[in-house]
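Open the model in your viewer and keep the selection tool at hand. Each stop below says what to pick and what to look for.

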Protein chains: 2
Amino acid sequence: MNDLLTFRDKFNREINFYLDGKVKEFGQLDKEGVGLVKAIKELINYGGKKFRPALFYFAFRSYSSERLNDVFKMSFVFELFHTFALLHDDIIDKSDKRRGQPTIHKKYGQETAILAGDLALMFCDELFTIRKENQKLVNLYNQFKQETLLGEYLDTIKSGSTEKIMELKTTRYSFSKPIIIGLTLAEVANETVLKWEKLANDVGILFQIKDDYIGTFGDEKITGKPTSDFFEGKKSVLVDYFLERAGESEKNKFKNIFGKQSGENNFQWYRNKLIEKNVEKDVKELIQTEVEKQINLLMQNEVFANKSLTNLLIEILNVIKKF
Amino acid sequence: MNDLLTFRDKFNREINFYLDGKVKEFGQLDKEGVGLVKAIKELINYGGKKFRPALFYFAFRSYSSERLNDVFKMSFVFELFHTFALLHDDIIDKSDKRRGQPTIHKKYGQETAILAGDLALMFCDELFTIRKENQKLVNLYNQFKQETLLGEYLDTIKSGSTEKIMELKTTRYSFSKPIIIGLTLAEVANETVLKWEKLANDVGILFQIKDDYIGTFGDEKITGKPTSDFFEGKKSVLVDYFLERAGESEKNKFKNIFGKQSGENNFQWYRNKLIEKNVEKDVKELIQTEVEKQINLLMQNEVFANKSLTNLLIEILNVIKKF
């Protein structure tokens with residue numbers, strides 16, 4: 001049984017239907033006005049696992065079956081917010097590729113990418129319509145948006161610890177917040193929400209560490225993600241481990257080449273050092289051990305038993321585990 | 001009596017108080033995290049007339065006195081949305097100056113300006129809290145945001161007629177929508193709203209024509225606005241009039257120099273042509289005649305009589321009239 005795949009097929013169909021409606025709406029205002037919606041649609045159709053909307057929807061469905069169609073449509077929020085974040089982050093990070101394809105700003109210019117990102121964010125707020133009288137839910141949603149942005153900002157100005165950026169920029173936004181918002185919408189009791197939150201954060205951190213691993217050791221052709229973290233100077237567990245294990249002269253060399261367009265040779269030197277010092281091996285083992293721990297927790301703890309969200313998380317954990 | 005000035009003083013005090021609260025909130029997440037809120041605050045304190053939030057607030061107050069403090073706070077939405085639009089537009093238009101000061105992207109980098117714009121937009125949605133169960137109101141708000149963005153996009157890709165861009169990008173966003181949203185919040189009858197809408201659109205067009213005039217003939221030191229419309233290739237009534245009155249060779253020359261960094265000499269040539277062909281004079285007269293017409297309408301029509309919004313609009317019209 002593959003819950004994510006089933007969800008994704010339906011999700012892709014329905015979000016395309018929604019965006020086609022938006023194309024029509026904008027086309028009625030001006031025939032050239034459809035460019036922004038089309039850019040959003042194109043990026044969404046580049047692919048992606050759509051696990052953020054799935055986490056929200058499965059979290060809700062694990063506890064409620066009310067208005068499922070509306071809640072499904074509300075799950076678009078999490079994909080559109082992700083699209084907004086990608087559009088602006090790719091400009092900021094000067095990324096040329098996304099999901100193996102040229103980034104929107106490379107293809108249509110920076111202006112279009114900025115405005116398409118803005119529009120995707122506006123679509124989120126237009127779609128976040130259910131139970132808006134629930135102040136707790138609305139607060140969570142505002143936190144979700146603003147904390148993600150703060151994480152991106154700290155990343156941009158190279159401030160804050162690796163853990164904090166990781167938590168703000170990825171863990172909360174990609175894992176815990178979609179889940180907590182789904183649970184809150186289903187009016188799940190607070191102590192249960194907290195248990196899911198703890199678990200979601202741990203899974204999110206593992207996802208991020210795997211992402212950092214791919215950003216350094218992945219094969220771009222296979223993963224579709226660029227291995228440019230080194231040149232961007234992205235903080236990660238790999239970097240932290242390396243700095244703990246490096247000698248003075250290695251640290252000095254690293255400082256001079258990290259976060260700059262310092263050439264493939266230097267990147268290769270860094271990768272070799274990570275292998276030589278067992279950073280690569282230890283990070284891989286860390287991921288695999290921790291994934292097993294989380295899967296066991298999901299299967300044994302009675303809070304999580306027999307929930308569709310549990311199956312989805314196990315599926316995602318199995319993807320994280322695969323090298 | 002100067003309603004706008006009184007409003008502006010209170011508004012500036014209270015929005016600074018609100019933003020200081022946001023600085024504190026972000027500072028608690030990370031001490032370096034305050035940079036984005038500070039950028040927003042800085043741009044707002046550069047100045048500006050704050051007539052957008054005033055139009056919303058006076059529209060509401062003309063028909064209701066319920067929850068005035070909450071409605072006042074909700075007026076921040078229109079200034080923060082304007083701030084969002086300025087932050088991103090200035091990047092897109094490559095503007096160096098705003099309100100006589102360096103633009104945020106010039107001062108703190110493009111990354112900060114993109115993210116600060118995103119955050120300002122998120123603040124809007126966080127502040128738009130009253131009567132969210134009123135679907136008509138929410139639809140108006142979503143339209144307000146998305147139409148403005150469409151206008152900016154059409155401007156960017158140099159598509160659409162001057163009138164359409166003007167209407168989407170400025171008239172609706174700066175005049176009619178803040179007023180209509182204020183009236184709808186006060187539950188004013190539809191036919192009355194339509195009368196205000198027509199008037200607001202006409203005032204908005206005059207405001208835009210005046211803005212275009214300043215963008216070509218203004219003294220940057222006095223107006224605080226750059227006279228760079230020519231180099232940006234901005235569509236305007238001035239351009240339309242010029243093209244109607246120019247000969248073939250003038251049109252050809254214009255095509256080669258408009259919308260390019262074609263040098264001060266060419267800009268001077270264009271300005272001289274506008275004077276020579278009476279475009280400058282006719283546009284000025286058009287503005288003054290039309291302003292008088294609108295003031296008379298406001299004073300004589302019983303829909304508008306004895307409303308605080310009427311006084312505010314007359315004040316704004318008098319500013320537009322002044323050369």
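**Stop 1: a histidine and its contacts**

His82(B) sits in helix H5 of chain B. Helices (H or I, at least four residues) and strands (E, at least two) are DSSP runs numbered from the N terminus. With a relative accessibility of 9%, His82(B) counts as buried. Buried means under 20% relative accessible area, exposed over 50%, and partly exposed in between, using a 1.4 Å probe and protein chains only.

**Before moving on: what you are viewing**

This is a predicted model, in which local features need pLDDT of at least 70, side-chain atom pairs count only at pLDDT 80 or more, and totals for chains, interfaces and linings use all residues. Residues are numbered from 1 along each chain as its sequence is written, chains are lettered from A and ligands numbered from 1 in the order in which they are written, and side-chain values use heavy atoms, leaving out hydrogens and water.

Colour chain A by pLDDT, the predictor's confidence in each residue, from 0 to 100. Its mean is 92, and 98% of chain A residues reach 70 or more. For the complex, the predictor gives an ipTM of 0.91 and a pTM of 0.91.

**Stop 2: helix H2 of chain B**

Select residues 35–45 of chain B, helix H2. Buried here are Leu36(B), Val37(B), Ala39(B), Ile40(B), Leu43(B) and Ile44(B). Now look down the axis of H2(B): the buried residues fall within an arc of 160°, so they line one face of the helix. That arc is taken from the directions from the helix axis to the C-beta atoms.

What does this face pack against? The partners of the buried H2(B) residues include helix H8 (135–156) of chain A, and helices H1 (3–29) and H5 (76–92) of chain B.

**Stop 3: the kinked helix**

Go to H9(B), residues 162–185. Where is the kink centred? On Arg172(B), with an angle of about 65°. The bend at a residue is the angle between axes fitted to the seven residues ending there and the seven starting there. Of the 24 residues of H9(B), 21 are buried, so the rest of the structure largely encloses this helix. Glu187(B) follows H9(B), with a positive phi near 60°.

**Stop 4: the cysteines**

Select Cys124(A), buried at 0% relative accessibility. Its sulfur lies 15 Å from the closest cysteine sulfur, in Cys124(B), too far for a bond. Cys124(B) also counts as buried, at 0%. Across all chains, the search finds zero disulfides (pairs of cysteine sulfur atoms within 2.5 Å).

Methods. Contact = heavy atoms within 4.5 Å.
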